Amino acid sequence: MNKTIVPAIDSIEKKWYVVDAENQRLGRLATEIANVLRGKNKASYTPHLDTGDYVIVVNAEKVVVTGRKSEQKLYRRHSGRPGGMKVETFAQLQKRIPERIIEKAVKGMLPKNSLGRSLFTKLKVYTGPNHPHEAQQPETLTVNTIAGGNK
């Protein structure tokens, strides 16, 4: 019978990765990012510990969805006041705050508890090709996308 090895918190190495979202499918990109944030790509993965890495996403405004999702996919938010529901389509939100699209997609794939909230702070999303994290010397992370589908 094998025993599960729990890594010491100070022995976990945190890397920084940069992902270019240009012409990437939203769901496939978000899945890869969530796996890296969670640490599932490492041999030392432990479900209840933060073994993941930091992820920087650039060109967030150039992420794509297939089919008619740009007109049909809805993003809802509520002000907390009566009648305070605001609804936006994917295309409207992409014009206004393109970073929020990737943030919401990744956040939905993380655990719904204090671990998930702390993992979410390790995601940095930016429009355009530049980011302020050059000092961390991030590595480029290639996202495997399956060819096909309509854009």
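Is N59 buried or exposed? In this predicted model, N59 is buried, with a relative accessible area of 5%, a value that falls under the 20% limit for that class. The residue sits in the loop that links β2 to α2 (69-72). Its backbone also deserves a look: the phi of N59 is near 60°, a positive value in a residue other than glycine. Most residues other than glycine have a negative phi.

A second case of this kind is found at Q137, where phi is positive at about 50° although the residue is not a glycine. Q137 belongs to the loop between β5 and β6.

Four strands form an open sheet in the order β5-β2-β1-β6, and their pairing is parallel. The edges are taken by β5 (123-125) and β6 (139-140); each has a single partner strand, so one side of each is left without a neighbour in the sheet.

Helices complete the picture. Packed on the sheet is helix α1 (residues 26-38), which touches β1, β2 (54-58) and β5. The direction of α1 makes about 155° with that of β2. Helix α4 (residues 98-107) lies across β2 and β5, and runs at about 155° to β5.

How values were computed:
Residues numbered from 1 in each chain as written. Predicted model: local features only at pLDDT ≥ 70, side-chain atom pairs only at ≥ 80, totals over all residues. Heavy atoms only, no water. Pairing = 2+ DSSP bridges. Helix = DSSP H or I, 4+ residues; strand = E, 2+ residues; numbered from the N terminus. Contact = heavy atoms within 4.5 Å. Axes fitted to C-alpha atoms, helices over the stretch in contact; angles between N-to-C directions. Buried < 20%, exposed > 50% of the residue type's maximum accessible area, 1.4 Å probe, protein only.
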